[in-house]
Every structure is written in structure tokens, then in C-alpha cells.
Amino acid sequence: MAGLAFDGANPDVSVLYDINGLAKDAPSWFDRAMAFVGEYGILLGLVLVVLWCWWTVRRGEDRQSAVTSVAGIVWGPLAAGIAVLVNIPIRGFVHRPRPFLDHKGLDVLVEGKTDFSFVSDHATLAMALAAGLFVANRKFGLVALGLALFEGFCRVYMGVHYPTDVVGGFALGTAVALLLAPLAQMLLTPLVAAVARSPRLGRLVHSRKALTVVPAAAGGPVEHPGPEERDLAA
């Protein structure tokens, strides 16, 4: 199945040459920056977005909402890891060589890529993490989705993947993150709730000022202050 791209008339190859051709016209310093961003930078950026999202939701006033949100945030990195594991047999089955092995004239910005090309691990990981985070928090999820899309562009720009490698990675990452999200939320929420009740680890889930929301006897939510607020009141 290595023949997913045959020749220059194939749109997959044509888009590859068009995007990678931008690297030929760019200054060398820009290419080095794109190589770093595509190989490491965007993945680091996604980790920072996840941490930023966690820091934000744990400072909310509703502890129960924080538990649900943190469980969703934890699922993002887990989904990325599972998606990459699922990709291992896929890459071995498709057995597609890297584009620079079959097509001449590509400007390859990262050396040492000897494994198979379809599907892209970087695109899979980035999109799975972004899709998982989007389920937990729409605002931060959109930022992560933008970074994931840029990751896919960078992989083609660097000459190490066909566009269909990236699209396949996006599809795989999204499928794993969304299809397993209900089960993950069901399993992770009680675990995160147990951490939230811990006197020492609770602040991993909610801040000191967070309030616990419980149903009122007469209907409607009632907010109860956390231990710190009760101590101040006393």
C-alpha cells in the first residue's frame, strides 16, 4: 500500500511540492525555525495550553464543575497517547515510505526520519489532544485545534509527510478523542472527585476560594464556602 502517492499528477504529491516549495524560497533561519516548531514547538505549545486551561478551570467558583472540567482536561493527553499507540499497527500495515524517499527535489528540514509515513504521529497526537481539550473547554480547545492544524502544515512544509499522512492523523486523533470521551469521562470523573476531596491534593482540582454547589432543598443551587472561607467566618 505504499502507492498512496504515485507521481506528480497525484494531488497528494502536487500539494506536497507546493507547500514544501515554500521552504525552498524561505530564508534558512526561517526554515530552521519551522523545523523546530514542527518537531517540538507546537507540541510544547499544546502542553502549555492544557496547563493554562487546567489552571483556569480550577480557579472557578464551582467545585463540582471543576471536577468535570479537570476530568476532561486529563482525557486530552490520555487520548493523545492512546491514538499514537493505535497508529503503530496502522503504520506497519500501510507501510508507506517517507515522501523524500520516492520523490526527488524536496527540501527536507529534519534528517533521520527512517520510519513509515502514514499516518503522521505528530498530527495524530496534536489533534487527539486538541479534540480532547475541546470537549472539556471550548475556548482553550479552539486554540489547541488551531495549533494542531498548524502542526499538520509544518509536517508537510518540512518535507517529512504527505498531506494525506496529516489528514489521516487528524482523523485518527479526532476519532480516538471523541469516540472514547464518554467512557473516559465516566471513569475519570470519580477519580478526579476523589482527588478533589483530599486535603492535600484537592488544590489540583480546585483553588482554595472555590465554592461547592449542591442542590437546595427548595430547588435551585446553594453555594457553600470551602474550608478556608468557613475558617474566616469563624
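## Salt bridges and a buried valine

The side chains of Asp12 and Arg96 meet in a salt bridge, 2.8 Å from N to O, a salt bridge being a side-chain nitrogen of Lys or Arg within 4 Å of a carboxyl oxygen of Asp or Glu. This pair links distant parts of the chain, with Asp12 in helix α1 (residues 11-25) and Arg96 in the loop between α3 and α4 (99-102), 84 residues apart; helices are DSSP runs of H or I, at least four residues, numbered from the N terminus. The model is predicted, so that local features need pLDDT of at least 70 and side-chain atom pairs count only at pLDDT 80 or more, while totals for chains, interfaces and linings use all residues. Residues are numbered from 1 along each chain as its sequence is written, and side-chain values use heavy atoms, with hydrogens and water left out.

The structure holds seven salt bridges, among them these:

| Pair | N to O distance |
|---|---|
| Asp12 and Arg96 | 2.8 Å |
| Glu39 and Arg155 | 2.7 Å |
| Arg98 and Asp115 | 2.6 Å |

Arg98 is buried at 2% relative accessible area, whereas Asp115 is partly exposed at 37% (buried means under 20%, exposed over 50%, partly exposed in between, with a 1.4 Å probe and protein chains only). Salt bridges that share partners join Arg91, Arg98, Asp115 and Asp121 into one network.

Val67, in helix α3 (residues 63-94), is buried, with a relative accessible area of 6%. Leaving aside neighbours within four places in sequence, Val67 is in contact (heavy atoms within 4.5 Å) with Thr189, Val192, Ala193, Ala196 and Val205.

Key:
Helix = DSSP H or I, 4+ residues; strand = E, 2+ residues; numbered from the N terminus.
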